[in-house]
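Open the model in your viewer and keep the sequence panel beside it.

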Amino acid sequence: MTLLSVENVGFAYGAGRHVLDDVSFTVPRGANVGLVGESGSGKSTLLRLLLGLDRPQQGRILFDGQPLETRRATYMRDYRRRVQAVFQDPYSSLDPAHRVQRIVTEPLRSLRLPGDHAAMARQAMTDVGMDPAALSRFPHQFSGGQRQRIAIARAIVARPELVLADEAVSALDLSTRVRIVDLFRQISTRMTMVFVSHDMGVVAALCDRLVVLDRGRIVEAGPTSRILRDPQEPYTRSLLASIPRMPAASQPEGQST
Ligand SMILES: Nc1ncnc2c1ncn2[C@@H]1O[C@H](COP(=O)(O)OP(=O)(O)OP(=O)(O)O)[C@@H](O)[C@H]1O
């Protein structure tokens, strides 16, 4: 069943040229879909549309069969419970003035969700391989990889159906990146994920389907295995050629990252 459907979406900033042009793809429930393309190909813009922060000027986006109602506050509150995001920079995305407990439970409070928030935060920390004791500390007491785990805990604490990850491992050093990719792989067995990255190696490691964007247009889409084996477009081949060598999947998850 399709969870997310992007239909003939077009978008331009101001009266400028199209940043997205006739973009269509679907995300089946339970799938991991990678959106890949060079810098400037329109990935972040597409993500803003998927988050309901901007609206397409052409086409439409459907979530669970219904068009996004970005102007309706009650709809968007429910949408934010069902769709959460993880961003690139684990340093700027966590408020340094707040303890991890407050950071991780923030979606529960802002979405006014019922339940034992402290227990939900402890569960989310365990889910991302962190000791729940870390909830009483501040972000600066953690490494970049640990901060990204905290950001992921915040994204999954409300049990969303879809997680959108925007270059979520790009700011991390290589060995940490491998561990966080591993963590995403574990988490992605329980929910639908869309990974946005310029790094074909990361999306290929995580996603069963790829959508390749070049200057706002989809040039290739399909199963990851097919695209890796037999890329149809020179653009896709050049993205594949630039894959950095990733070390083999990591040792058991720990708090070393
Ligand atoms: N707020 C904005 N106003 C005007 N143009 C913008 C704005 N944001 C992005 N653009 C332009 O839209 C195009 C696509 O940018 P976008 O950030 O979506 O691409 P991207 O693939 O995510 O690239 P990157 O990985 O570098 O962020 C670029 O040409 C960019 O200059």
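**Stop 1: helix 4.** Select residues 117-127, which form helix 4. Helices here are DSSP runs of H or I of at least four residues, strands are runs of E of at least two, and both are numbered from the N terminus. Colour M120, A121, R122, A124 and M125, the buried residues of helix 4. A residue counts as buried if 20 or more other C-beta atoms, placed from the backbone, lie within 10 Å of its own. An α-helix has 3.6 residues a turn, so residues three or four places apart point the same way.

Before going on, note what kind of model this is. It is predicted: local features need pLDDT of at least 70, and side-chain atom pairs count only at pLDDT 80 or more, while totals for chains, interfaces and linings use all residues. Residues are numbered from 1 along each chain as its sequence is written.

What covers the buried residues of helix 4? Show helix 3 (100-110) and helix 5 (144-156), which are included in that cover. Then step just past helix 4 to G129, which has a positive phi of about 75°.

**Stop 2: helix 3.** Here the buried residues are V100, I103, V104, T105, P107 and L108. Their cover includes strand 6 (83-86), helix 4 and helix 5. After helix 3 comes R112, with a positive phi near 50°.

**Stop 3: the whole protein.** Zoom out to see nine helices and 10 strands. The radius of gyration, taken over C-alpha atoms, is 18 Å, close to the 18 Å from the globule rule (2.2 Å times the number of residues to the power 0.38) for 257 residues, so the protein is as compact as a globular protein of that length. The C-alpha trace spans about 50 × 45 × 35 Å along its principal axes. Of the 257 residues, 42% are buried.

Now select residues 4-240, where an unreviewed UniProt entry places the feature "domain: ABC transporter". Such annotations may be inferred rather than shown by experiment. This stretch is 37% helix and 26% strand, and its end C-alpha atoms are 26 Å apart.

**Stop 4: the ligand.** Which residues surround the ligand? Select Y13, V19, G37, S39, G40, S41, G42, K43, S44, T45 and H198; a residue is near the ligand if its C-beta atom, placed from the backbone, lies within 6 Å of it. Helix 1 (residues 43-50) gives the most to this shell, with three residues.

How values were computed
Buried ≥ 20, exposed ≤ 12 C-beta atoms within 10 Å, placed from the backbone. Contact = placed C-beta atoms within 7 Å.
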